[in-house]
Amino acid sequence: MKDWLKKVPYTDLVNYFQRVGWLHMLLIMGLYVFYKSLFSQRLPVTLVYSMIPLLIVVGLLILRFSKYGFYTLFSFQFLLILSGMFIDIKTGVATLVFTLFTLALLLPWATYERIDWKPVKNGMLYIYLVWGIFCLIELVNMNNVQEAWNIAITHYWLYPIACAILVPLSVRNIKGIYILLFIWSVFILIAAAKGYWQKTHGFNYRELYFLYVLGGYRTHLIWSGIRYFSCFSDAGNFGVHMAMAITTFGVSSFFAKNIWIKLYFIAVTLAAIYGMGISGTRSAIVLPIGGILLYILLSHNLKAVGIGLTVLAILVVFFRFTTIGESNEYIRKMRSAFRPSEDASFLLRVENRAKMKELIFERPLGYGLGLSKGERFYPKELMPYPPDSWLVSVWIETGTFGLILYLCLHALLFAWCSWILMFRIRNKHLRGLLTAWLCMNAGFFVAAYSNDVMQYPNSLVIYTGFALCFAGYYIEKNTPKQQINKR
């Protein structure tokens with residue numbers, strides 16, 4: 001044994017452990033722990049113990065490939081939603097921890113590798129720094145509840161800032177955009193399949209508990225039929241997310257060069273259309289319409305404008321001026337979105353907003369972040385009327401001034417991204433893919449007027465779209481010149 005060790009150079013042993021030796025050692029440790037605990041502990045405890053080496057491996061791999069950390073974060077968000085079908089999980093807490101963990105790993109790596117920080121110094125970062133200052137001012141709101149503020153700040157500020165930093169550092173080429181699309185597409189297909197399973201095989205125990213114990217039946221078993229919610233928190237969130245996918249993958253399919261990728265994106269779009277339909281979410285239909293309108297504005301050729309206008313006209317005529325498919329409960333419900341004056345719930349919303357206006361007038365800073373639905377936080381004062389959409393929630397929580405600032409900053413964000421796509425990106429392939437994300441964002445904020453859209457996993461996807469546009473100029477710089485198609 002000693003003679004054999006003498007023949008093995010020390011440097012070879014070091015190289016072996018640096019490359020794969022540590023992984024082999026952890027695997028052996030895991031098997032040993034699993035073997036020992038199998039005969040001394042219950043199976044759940046055994047599984048927990050045996051997972052420890054695996055978690056160490058995952059952590060080391062993330063550390064080793066820190067530059068791809070955002071892809072892990074992007075995937076992790078969807079895995080959390082899917083895991084919710086089987087176990088109770090606090091999606092917000094888990095996402096927050098993982099986001100901060102990814103930032104903590106990626107930033108030191110970028111510094112060590114002497115990565116160019118110019119892509120991070122982008123307009124999105126500056127815009128949300130301004131918004132972050134206002135969010136800090138909300139701390140002095142007399143009605144502020146710190147716990148509610150801590151939860152709300154993630155959607156308001158943390159995820160946008162995280163995307164503004166992580167996306168430009170991680171996504172360095174067109175291939176990276178496709179990776180994000182493929183990760184998202186797998187989730188869309190699974191979610192649509194889960195919705196189909198609910199429709200054809202019924203609800204499982206956890207879903208029945210949500211419906212009949214937690215009271216979900218009030219909004220999901222209604223006059224127009226059953227609203228299916230797949231693996232999402234509710235049917236509204238399910239429908240809006242599917243509409244986001246319809247816009248993104250529908251536009252991306254026009255610009256994908258590979259025929260198989262193009263067909264795959266079309267298939268994902270069709271699956272998302274099915275998911276949106278069975279969700280029974282009327283407001284979701286405005287998301288693709290909003291996306292098509294921005295697509296028309298950003299298009300550089302008459303053919304694209306013609307296709308966009310044709311699709312838009314078909315949608316409006318079909319739902320507003322015909323009764324085709326009226327026997328189908330989902331088409332019938334979607335059609336009611338084009339006739340708001342005949343919708344009792346819409347009229348009630350208008351009435352409630354008029355009452356809210358009188359109350360908010362007395363509160364320039366609103367009721368405080370996270371308190372539009374803040375009964376569980378027991379604040380000093382509470383808005384007596386429930387918010388019916390994300391923008392109304394922003395209005396209640398930040399006041400009229402906060403809502404105006406929020407809308408102005410996002411208008412600037414859209415204008416800045418549009419300018420980048422129209423005047424700085426010369427690669428038609430890249431510009432088309434980025435346009436798909438920005439069109440989705442435009443439709444999302446149109447839907448935000450009528451639905452509570454800022455829920456998991458929507459926020460991370462939306463801010464990824466903005467960040468990709470700002471990273472687009474640097475992605476194009478990394479693209480070989482022969483691949484750039486000038487206008």
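**Reading the chain**

Guide: Start with how the chain folds back on itself. Among contacts in the protein chain with a separation of 6 or more, 77% join residues 24 or more positions apart. Keep in mind that the model is predicted.

Visitor: How many helices and strands are there in the protein chain?

Guide: The protein chain has 19 helices and two strands.

Visitor: What share of the residues is buried?

Guide: A residue is called buried when its relative accessible area is under 20%. In this protein chain of 487 residues, 51% are buried. The chain exposes about 24700 Å², and carbon and sulfur atoms supply 69% of that area.

Visitor: Which residues is Ser252 in contact with, apart from its neighbours in sequence?

Guide: Find Ser252 in helix H11, residues 235-255. Ser252 has a relative accessible area of 0%, so it is buried. Leaving aside neighbours within four places in sequence, Ser252 is in contact with Leu181, Phe265, Leu433 and Ala436.

Visitor: Now the charges. How many salt bridges does a search of the whole structure find?

Guide: Side chains of opposite charge can pair when their charged atoms come close. The search of the whole structure finds six salt bridges. One of them is between Asp88 and Arg206, with the closest N and O atoms 2.6 Å apart. Asp88 is in the loop between helix H4 (69-83) and H5, while Arg206 is in helix H9 (residues 205-212), so this pair ties together parts 118 residues apart in sequence.

Visitor: Where do Lys355 and Glu351 lie?

Guide: Both lie in helix H16 (residues 344-360), four residues apart, which is about one turn of the helix. Lys355 and Glu351 form a salt bridge, their closest N and O atoms being 3.4 Å apart. Lys355 is partly exposed at 32% relative accessible area, and Glu351 is partly exposed at 42%.

Visitor: Which side chain meets that of Arg353 in a salt bridge?

Guide: The side chain of Asp388 meets that of Arg353, at 2.6 Å from N to O. Arg353 belongs to helix H16 and Asp388 to the loop between H16 and helix H17 (390-423), so the pair ties together parts 35 residues apart in sequence. Arg353 is buried, with a relative accessible area of 13%, and Asp388 is buried at 14%.

Visitor: Which residues form a positive surface patch?

Guide: Lys118, Lys121, Arg424 and Lys477 form a positive surface patch. Take Lys118 as the example: it sits in the loop between helix H5 (91-112) and helix H6 (123-137). Lys118 has a relative accessible area of 54%, so it is exposed.

Visitor: Last, the backbone. What is the peptide bond from Tyr456 to Pro457, cis or trans?

Guide: That bond is cis, with omega near 0°. Pro457 is in the loop between helix H18 (428-447) and helix H19 (458-477).

Visitor: What is the phi of Ser230?

Guide: Ser230 is not a glycine, yet its phi is positive, about 55°. Ser230 lies in the loop between strand E2 (225-226) and H11, and is buried at 2% relative accessible area. Tyr378, also not a glycine, has a positive phi of about 50°. Tyr378 is in the loop between H16 and H17, and is exposed, with a relative accessible area of 72%.

How values were computed:
Residues are numbered from 1 along each chain as its sequence is written. This is a predicted model: local features need pLDDT of at least 70, side-chain atom pairs count only at pLDDT 80 or more; totals for chains, interfaces and linings use all residues. Side-chain values use heavy atoms; hydrogens and water are left out. Buried means under 20% relative accessible area, exposed over 50%, partly exposed in between (1.4 Å probe, protein chains only). Contact means heavy atoms within 4.5 Å. Accessible areas come from the Shrake-Rupley method with a 1.4 Å probe; for residues, only the protein chains shown count as cover. Patches are made of residues with over 30% relative accessible area and no salt bridge: like charges are joined within 9 Å, nonpolar side chains (Val, Leu, Ile, Met, Phe, Trp, Tyr) within 5 Å. A salt bridge is a side-chain nitrogen of Lys or Arg within 4 Å of a carboxyl oxygen of Asp or Glu. Lys and Arg count as positive and Asp and Glu as negative; His and the chain ends are not counted. The place of a charge is taken as NZ of Lys, CZ of Arg, CG of Asp or CD of Glu.
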